[in-house]
Amino acid sequence: SLPGPAGPSGGIHPINAVTRELEDLFLSMGFQVVDGPEVELEENNFDALNIPADHPARESHDTIWVTPEEQRSGDGSGVVLRTHTSPVQIRALRKYGAPLRVVAPGRVFRQETLDATHEHTLHQMEGLVVDKGVGVAHMLHAMNTLIEGVMGRKLETRLRPGFFPFVEPGFELDARC
């Protein structure tokens, strides 16, 4: 009549553990963590980010549309599974205005052919800072602080130009491990 032994209690999923670690790092730098819906309006996912109506990212071979093609009116009211966490930044800007310092972690969805390196669901974290007097040096400092926090030590880094549509200027950060 006594209760049996307690089973294993489980643990935190690795993705959740990494997300929490990154959130803590950004919180320590004064960022706010924001969240938003995974099912998003076309307006927030594309239009507010100046992604043109004829851009390939809007096609069904890249985006998972909730609204059937024959029902899309082209007025931004179509519904998609968000393809990035940028719509969360759009919502934060509308809600809080500037100055703003946020990170937006979350699941995003892409229409992908599944294989060893591609999946329709992935996790992403984007950061956004809007304020007067903010420049590339501030971004580099935040990125280096992030790398140091994750790796537990300072690493040699290199900032180099990179092409990312709709982001100007675009950069990539390399770290020597």
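Figure 1. Thr85 counts as buried because its relative accessibility is 0%, in a model that is predicted. The loop that holds Thr85 runs between strand 3 (79-81) and helix 3 (86-96). A polar atom of the Thr85 side chain lies 3.0 Å from the backbone oxygen of Ala104. Beyond the neighbours within four places in sequence, the contacts of Thr85 are Ala104, Pro105, Gly106, Val108, Gln124, Met125 and Glu126.

**Figure 2. Helix 3 and the elements packed against its buried residues.** Ser86, Pro87, Val88, Gln89, Ile90 and Ala92 are the buried residues of helix 3. They pack against strand 2 (39-41), helix 2 (42-45), strand 4 (100-109) and strand 5 (121-130). After helix 3 comes Gly97, which has a positive phi, near 70°.

**Figure 3. The largest nonpolar core and a second, separate one.** Seven residues form the largest nonpolar core: Val34, Val88, Ala92, Leu100, Val102, Ala104 and Leu128. At least two residues of this core come from helix 3, and at least two from strand 4. The largest contribution, three residues, is that of strand 4. Ala104, a member of this core, is in contact with Val34, Thr85, Val88, Gln89, Gln124, Met125 and Glu126, leaving aside its neighbours within four places in sequence. In soluble globular proteins, nonpolar side chains tend to be buried together.

**Figure 4. Asn45, a buried residue of helix 2.** Asn45 belongs to helix 2. The relative accessible area of Asn45 is 0%, so this residue is buried. The side chains of Asn45 and Thr83 make a polar contact at 3.0 Å. With neighbours within four places in sequence left aside, Asn45 is in contact with Glu40, Ile51, Val80, Arg82, Thr83, His84 and Pro87. Pro87 is also one of the buried residues of helix 3. Asp35 is ten residues from Asn45 along the chain, and the C-alpha atoms of the two are 14 Å apart.

Figure 5. The protein has two aromatic pairs. In the pair of Phe26 and Phe31, the ring centres are 5.0 Å apart and the planes stand at 75°, so the arrangement is edge-to-face. Phe26 and Phe31 are both buried. Over the face of Phe31 lies Arg101, at 5.4 Å from the ring centre. Elsewhere, the ring of Trp65 has the charged end of Arg72 over it, 3.8 Å from the ring centre.

**Figure 6. The whole protein, for orientation of the close-up views.** Four helices and seven strands make up the secondary structure elements of the protein. Their order along the sequence is α-β-β-α-β-α-β-β-α-β-β. The C-alpha trace spans about 60 × 55 × 35 Å along its principal axes. Of the 177 residues, 27% count as buried. Among contacts with a separation of 6 or more, 59% are between residues 24 or more positions apart. The accessible surface is about 11600 Å², and carbon and sulfur atoms account for 55% of this area.

Note on methods: Residues numbered from 1 in each chain as written. Predicted model: local features only at pLDDT ≥ 70, side-chain atom pairs only at ≥ 80, totals over all residues. Heavy atoms only, no water. Buried < 20%, exposed > 50% of the residue type's maximum accessible area, 1.4 Å probe, protein only. Polar contact = N/O pair within 3.5 Å; in protein donor to acceptor, adjacent residues only side chain to side chain. Contact = heavy atoms within 4.5 Å. Phe/Tyr/Trp six-rings, centres within 6.5 Å; stacked < 30°, edge-to-face > 60°. Lys NZ or Arg CZ within 6 Å of the ring centre and 35° of its normal. Areas by Shrake-Rupley, 256 points an atom, 1.4 Å probe, with all protein chains shown as cover. Core = buried A, V, L, I, M, F, W, Y, C linked by side-chain atoms within 4.5 Å.
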